[in-house]
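Please read the numbered points beside the sequence and the model.

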Amino acid sequence: MEDRSVIKKTYKLFIGGKFPRSESGRTYRLVNGEGDVICNVSQASKKDVRNAVVEGRGAAKGWGDTSAFLRSQIIYRIAEMLESRFVQFVQELTSEGVSPEVAAREVSEAIDLVVHYAGWCDKYQALFSSVNPVSSPHYNMSTQEAMGVVAVVAPEESSLLGVLSAILPVIVGGNSCVLLASYMMPVSAITLAEVVATSDVPAGVVNILTGMRSELLPVMASHMDVNALLLCSGEIEERKLARELGAENLKRVILRDDAALHQSPYHILDFQEVKTTWHPIGQ
Amino acid sequence: MSDFSKFTDSNNDEAALENTSLVDLRERYDLYIDGGWLAPEEGEYMDTINPATGKKLAEVAVASVGDVDLAVQAARSAYEGEWGYMSGLERGKLLFRLARLIQERSREFAVLETLDGGKPIRESRDIDLPLVASHFFYHAGWADKLEFAFPGRSVRSLGVCAQVIPWNFPLLMAAWKIAPALACGNTVVLKPAETTSLSVLRLMDLFEEAGFPPGVVNIVTGAEETGKSLLNHPDVDKVAFTGSTEVGKEIQRQLAGTHKRFTLELGGKAAQIVFEDAAIDQAVEGVINGIFFNQGHVCCAGSRLLVQEGVYQEVVDKLKERMNQLVIGDPLDKNTDIGAIHSSQQLARISELVACGEAEGCELWDSGQELPKEGSWYRPTLLLDCAQSHRVVQEEIFGPVLTVQSFRTPQEAIDKANNTPYGLSGGVWTDKGAKSFSITSEIRAGVLWANTFNKLDPCSPFGGYKESGIGREGGVHGLAPYVEIGF
C-alpha cells in the first residue's frame with residue numbers, strides 16, 4: 001500500500017447540532033507535555049455563548065416534553081455510541097497526558113455512568129414527587145419540571161468523565177445545556193459532541209464550547225435567558241462571581257468541586273423546579 | 001324575612017366589632033434574645049402603627065449590629081448545646097405543644113395581627129392563625145422522620161438560620177420560617193418586618209411556655225439595617241428571606257462567596273386564566289378572592305386577569321357587580337372584606353403605579369365605596385385594556401388592583417401568562433379536566449390552582465420559578481433547604 005498522509009481532524013464547537021468554528025475565528029494551540037501541538041482548538045467567543053443559549057432555549061421545551069422513556073432510550077444510545085469509540089477516547093485522553101491504564105478506566109467509568117443515568121429518566125420523578133394530603137377537598141401534587149437552559153462549566157481537571165458527570169443530570173431532567181469544556185483537556189469533550197450528534201439527542205439540547213473560562217464564565221453567569229449554572233470549580237473568586245452575576249435573573253447557581261461529580265439522583269434535582277398543582281375534588 | 005335581608009345585605013351599616021380586650025399590649029417591646037427580653041444596646045425604639053387609624057400601638061426596639069451579634073451567639077450556643085443534642089422526637093414534642101398553645105390563644109393573636117397589620121379580622125381569624133398552628137403541627141411530626149424525606153441519604157442540620165420576613169402575613173411567615181428550621185434541628189434568629197413585629201414577639205411567650213431551651217429562637221426587631229447585619233453575620237449558616245425581588249437579588253449578591261445557603265421567596269404577578277367553558281360565577285368569585293384577599297398584599301395574588309374573548313364582557317360586568325358589594329372599612333369588623341392598606345408608603349406605591357397605568361392607556365374602574373377618613377385605604381380597582389408591555393402588567397403592585405386582558409386561544413393565554421419575569425403562582429378556570437391539566441403544565445410557576453385560588457396548606461410546597469425566588473417552603477420539599485444531604 002502506498003504511503004498516505006493521515007487526515008487530521010479540525011476540532012470545532014458544537015452548537016445547535018452543527019459543528020461551527022468560533023464566529024470570532026480564534027483558536028488556541030493545545031500542546032502536550034513534550035511540547036508537541038496536539039491540535040488547534042476553537043476558542044469560543046461571547047457571541048458563541050449567546051448563540052448556543054439561543055439554540056438551547058429553542059430545544060429546551062421539546063426535550064422537556066419528550067417522554068421520560070424516550071429520553072431514557074436516547075441517553076442509553078449515548079452509551080452505545082461511546083462504547084463503539086472506546087479506543088478513540090482512550091487514545092485522546094492519552095494524548096492529553098493521561099496514562100493508558102487510567103484512560104481506559106476513565107472511559108469505562110464514563111460509559112457506565114451514562115448507563116446509570118439513562119435509567120434515572122423515568123424514575124426520579126416517582127421518587128421525589130409527592131401527593132400532599134391537604135386539609136381541603138383538593139387533589140394536590142408536587143412534581144419536578146425541568147428548569148430550561150443550564151450553563152455548565154466542566155471541571156478543569158477531569159476530561160471525559162468530568163464532562164459527562166456534569167451534563168448527564170442536567171439532560172436526564174429534560175433541560176438543555178451549554179457546556180464549557182476544560183481548557184487544558186478539551187479533546188474528549190469535542191469528540192463527545194460527535195457521539196451526542198449521532199445518539200438521537202435533538203439538536204440544541206447539548207451544546208459544547210471550548211475556550212477560556214475567564215472570558216466565558218461571566219457571560220454564562222450573567223446571561224438573562226439561562227435558568228441555572230453549574231460551576232465545577234474550587235476557585236473562590238469564580239464561585240463568588242457566578243453567584244453575583246447570576247443574581248440579576250435569580251439564576252440557580254450550583255457550585256461543585258473541580259472534579260467529576262459522584263452519580264446521584266440528587267444532582268438531577270439541582271436542575272428541577274418543584275411545581276405544586278391544586279385540582280378540586282367534587283361533583 | 002325582612003330581618004334576614006339585613007344579614008345578607010353586605011352594605012349594612014351595623015358593625016360587628018371583634019373584642020380587643022384579649023390583647024394586652026405593652027407600651028414598649030425589647031429584643032428577644034437567649035430566652036429573655038433585652039433592651040437594645042443603643043436604646044433606640046421605633047413606633048408601630050395601626051394602619052386603620054394611623055395611631056401608635058406600641059414601641060419596638062431597633063436592634064444594632066451588636067444586638068444582632070448577641071442573638072446569633074445565643075442561637076449558636078443553643079445549637080451547640082441542649083437543642084443540638086435533643087432527639088428528633090423531643091424536638092417534635094416541643095413543636096407539637098407549641099402548636100396546641102397557638103390554637104388555644106388563636107383569637108388573641110388574630111386580633112393582634114389585625115391591629116398591627118390592618119388585615120380583616122375574618123382573614124386573620126379564619127386563615128392566618130389556623131395556618132400558623134397547622135404549620136407548626138405539621139413540621140413537629142417531621143422532626144423524628146427526616147431520614148424518610150430523603151431516600152437513600154442521611155441528613156443533618158445546618159446550624160444557625162437567619163430569617164427575614166415581610167409585613168403581609170407577619171405570624172404566618174414567621175411560622176413558615178421557624179417551623180421547618182426547628183424541625184430539622186437548627187436554631188433561628190428572625191427579623192420581622194419593621195411595621196409588624198408585635199405578633200411574633202408575643203409568640204415568644206408561647207415558646208417559653210412550651211419549654212423550648214433559651215436561644216433556640218431569637219427575635220431581633222428593626223428596619224433594613226438590622227436585616228442586613230443579620231443576613232451578613234459571619235456565623236450564620238443559612239439565610240431565608242421573604243420579600244421583594246429587588247432585595248432578593250441584592251441578598252444573592254451579598255451572600256456570593258460565603259458558605260451560607262439561602263432560599264428566597266419573592267414577588268409574583270400571577271395570571272388568572274378564565275376560559276369560555278369555565279363556571280363563570282365560580283371563576284368570578286375566585287378572581288375576587290385571588291386579588292382582594294389581604295388587600296392584594298399577597299405575593300401569590302392573582303393580579304392579572306386573562307379572559308377568553310367570548311366571555312370577556314360577562315366576566316368584567318360580574319366582577320364590577322361583585323366589587324361593588326365588598327365591604328371596606330374597620331379591619332376589626334367581622335363583616336369587613338377589605339381592610340386597611342398596610343402603610344402610607346405602600347399606598348403611595350399603589351397610587352403611583354395605577355397612575356402610570358392610566359398614563360399608558362389603561363381604563364381605570366373602581367368600586368364606589370366611601371373610604372374611612374383616618375388611616376390608609378384603597379378601593380378595589382380594575383385596569384382594563386391593558387397591554388402586555390404596561391408596567392402595571394409587568395410589575396408587582398401589591399395592592400387591590402387587577403389588570404384585565406383578553407385572549408383568543410389557549411396558546412395566547414399561556415404566552416401572556418408566562419410573559420413576566422415572575423413565576424410564583426397561577427390560576428386556571430375551565431370545566432374541561434384535560435385542558436386544566438395541560439394549561440397548569442404550561443405555566444412556568446411554582447404553584448398552580450385549577451378552579452380555585454390562594455389555597456395554602458403546610459403540606460403543600462410553595463415557592464417560585466424564575467425571579468419569584470429560589471427554593472420551596474412547606475411539604476416534604478420545604479425540608480431540603482434546612483438540611484445538609486449526605487452521600
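1. Conventions. This is a predicted model, in which local features need pLDDT of at least 70, side-chain atom pairs count only at pLDDT 80 or more, and totals for chains, interfaces and linings use all residues. Residues are numbered from 1 along each chain as its sequence is written, while chains are lettered from A and ligands numbered from 1 in the order in which they are written.

2. The contact between the chains. In chain B, 32 residues are in contact with 31 residues of chain A (two residues are in contact if their C-beta atoms, placed from the backbone, lie within 7 Å). The elements that give two or more residues to the side of chain B that touches chain A are helix H11 (245-255), H17 and E18 of chain B; helices (H or I, at least four residues) and strands (E, at least two) are DSSP runs, numbered from the N terminus. H11(B) gives the most to this side, with five residues. The residues on this side of chain B divide into 14 nonpolar, 11 polar and seven charged. Here Ala, Val, Leu, Ile, Met, Phe, Trp, Tyr, Cys and Pro count as nonpolar, Asp, Glu, Lys and Arg as charged, and the others, Gly among them, as polar.

3. An open sheet of 10 strands with mixed pairing runs in the order E3(A)-E4(A)-E10(A)-E18(B)-E17(B)-E12(B)-E13(B)-E16(B)-E15(B)-E14(B). Strand E3 (130-131) of chain A and strand E14 (363-366) of chain B stand at the edges, each with a single partner strand, so one side of each is left without a neighbour in the sheet. E10(A) and E18(B) pair in the parallel sense over three bridges; two strands pair if DSSP finds at least two bridges between them. In E18(B), Val447(B) is the bridge partner of Thr276(A), and Leu448(B) stands opposite Thr277(A).

4. Helix H17 of chain B. Which residues of H17 (residues 433-442) of chain B are buried? They are Ser436(B), Ile439(B) and Thr440(B), where buried stands for 20 or more other C-beta atoms within 10 Å of the residue's own, exposed for 12 or fewer, and partly exposed for values in between, with C-beta atoms placed from the backbone. Seen down the axis of H17(B), its buried residues fall within an arc of 100°, so they line one face of the helix; the arc is that of the directions from the helix axis to the C-beta atoms. What covers them includes strand E10 (272-280) of chain A, along with strand E12 (271-274), helix H16 (410-418), strand E17 (425-429) and strand E18 (447-450) of chain B.

5. Strand E7 of chain B. Five of the five residues of E7 (residues 160-164) of chain B are buried, so this strand is largely enclosed by the rest of the structure. Val160(B), Ala162(B) and Val164(B) lie on one side, with Cys161(B) and Gln163(B) on the other, and both faces are covered. E7(B) pairs in the parallel sense with strand E8 (residues 187-191) of chain B over five bridges, and with strand E10 (residues 238-242) of chain B over four bridges. Val160(B) stands opposite Thr187(B) in E8(B), and Gln163(B) stands opposite Ala240(B) in E10(B).

6. The domains of chain B. Chain B is divided into domain 1 (28-266 + 469-485) and domain 2 (271-450), with bounds that come from an automatic or database domain assignment. Their C-alpha centres lie 30 Å apart. The contact takes 15 residues from domain 1 of chain B and 18 residues from domain 2 of chain B.

7. Ala260(A) lies in the loop between strand E9 (252-256) and helix H10 (265-269) of chain A and counts as buried, with 24 C-beta neighbours inside 10 Å. Ala260(A) and Ser159(A) are 101 residues apart in sequence and 8.5 Å apart in space, C-alpha to C-alpha. Asp200(A), a residue other than glycine, has a positive phi near 70°, and with 13 C-beta neighbours inside 10 Å Asp200(A) counts as partly exposed. Asp34(B) is not a glycine either, yet has a positive phi of about 55°.
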